[in-house]
Amino acid sequence: MSRSTSSGAGMGDAEVIEVATPEAMEALGGSVARMLRAGDVLVLSGDLGAGKTTFTRGLGEALGVRGPVTSPTFVLARTHPNLGDGPALVHVDAYRLDSALELDDLDIDFARSVVVVEWGEGLIEALAESYLAVRIDRPHGAAPVLGSSASEGEEPIEPRSVTVRRVGPRWR
């Protein structure tokens, strides 16, 4: 993984991390988990297949929650209780939600959990004063690399660019 840091007007500090493999994406989730405590919120954005759930899987494993961590697309929110004395992980898929009010109606225990909201940009800002915004960008239209390990008909493993931005007083 390679890293760089920048700061934008009103955006908070942002760190850009290049992630080469799905295993490295899980490891990044684990690294982020070590900074988290109950009450923390993460907003994940990126295209389908970018690695949002893979990141969350690594985060959940490092937090020590009951798994497996899978996409909550069809249930909207899934709570993974902690197997020790740490916070639960609440994994939300907000793709089909239209407003912060609908997200609030899910009755999530923000205070005693680590909450990860996929597709939450534009929704979570009304519910959380502080959060980590994690954007995962993947390349589009890349041709398979000669000699790559991808089988025929399978997408090659391509690096992702992950931008982590700290928002609000918790992350200052």
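Student: Why is Asp40 called buried?

Tutor: Asp40 has a relative accessible area of 4%. Buried means under 20% relative accessible area, exposed means over 50%, and partly exposed lies in between (1.4 Å probe, protein chains only). Asp40 is therefore called buried, since 4% is under 20%. The model is a predicted one, in which local features need pLDDT of at least 70 and side-chain atom pairs count only at pLDDT 80 or more, while totals for chains, interfaces and linings use all residues. Residues are numbered from 1 along each chain as its sequence is written, and side-chain values use heavy atoms, with hydrogens and water left out.

Student: What makes the pairing of Asp40 with Arg170 a salt bridge?

Tutor: The closest N and O atoms of Asp40 and Arg170 are 2.8 Å apart. A salt bridge is a side-chain nitrogen of Lys or Arg within 4 Å of a carboxyl oxygen of Asp or Glu. The pair therefore qualifies, as 2.8 Å is within 4 Å. The two residues come from distant parts of the chain: Asp40 is in the loop between H1 and S3, and Arg170 is in the segment after S8, 130 residues apart. Helices (H or I, at least four residues) and strands (E, at least two) are DSSP runs, numbered from the N terminus.

Student: Is Arg170 buried, partly exposed or exposed, and how do you know?

Tutor: Arg170 has a relative accessible area of 23%, so it is called partly exposed.

Student: How many salt bridges does the structure hold?

Tutor: The structure holds five. One of them joins the side chains of Arg166 and Glu15, at 3.4 Å from N to O. Arg166 belongs to strand S8 (residues 160-167) and Glu15 to strand S2 (residues 12-19), so that this pair, 151 residues apart, links distant parts of the chain. Glu15 counts as buried because its relative accessibility is 14%, whereas Arg166, at 23%, is partly exposed.

Student: What makes the group containing Asp98 and Glu102 a negative surface patch?

Tutor: The patch is formed by Asp98, Glu102, Asp104, Asp105 and Asp107. Patches take residues with over 30% relative accessible area and no salt bridge, joining like charges within 9 Å. Asp and Glu count as negative, and the place of a charge is taken as CG of Asp or CD of Glu. Glu102, which lies in helix H3 (residues 100-104), is partly exposed at 31%. This value therefore passes the limit of 30%.

Student: How do you know which residues Leu127 touches?

Tutor: Contact means heavy atoms within 4.5 Å. Apart from residues up to four places away in sequence, Leu127 touches Ala100, Leu103 and Asp104. Leu127 lies in the loop between S6 and S7 and is partly exposed, at 30% relative accessibility. From C-alpha to C-alpha, Leu127 and Ala100 are 7.1 Å apart, although 27 residues separate them in sequence.

Student: Which residues are in contact with Ala38?

Tutor: Ala38 is in contact with Pro87, Ala111, Arg112 and Ser113, leaving aside neighbours within four places in sequence. Ala38 sits in the loop between helix H1 (22-33) and strand S3 (41-45). A relative accessible area of 38% makes Ala38 partly exposed.

Student: What does the chain comprise in secondary structure?

Tutor: The chain has three helices and eight strands, in the order β-β-α-β-α-β-β-α-β-β-β from the N terminus. Of its 172 residues, 43% are buried.

Definitions and conventions. Patches are made of residues with over 30% relative accessible area and no salt bridge: like charges are joined within 9 Å, nonpolar side chains (Val, Leu, Ile, Met, Phe, Trp, Tyr) within 5 Å. Accessible areas come from the Shrake-Rupley method with a 1.4 Å probe; for residues, only the protein chains shown count as cover.
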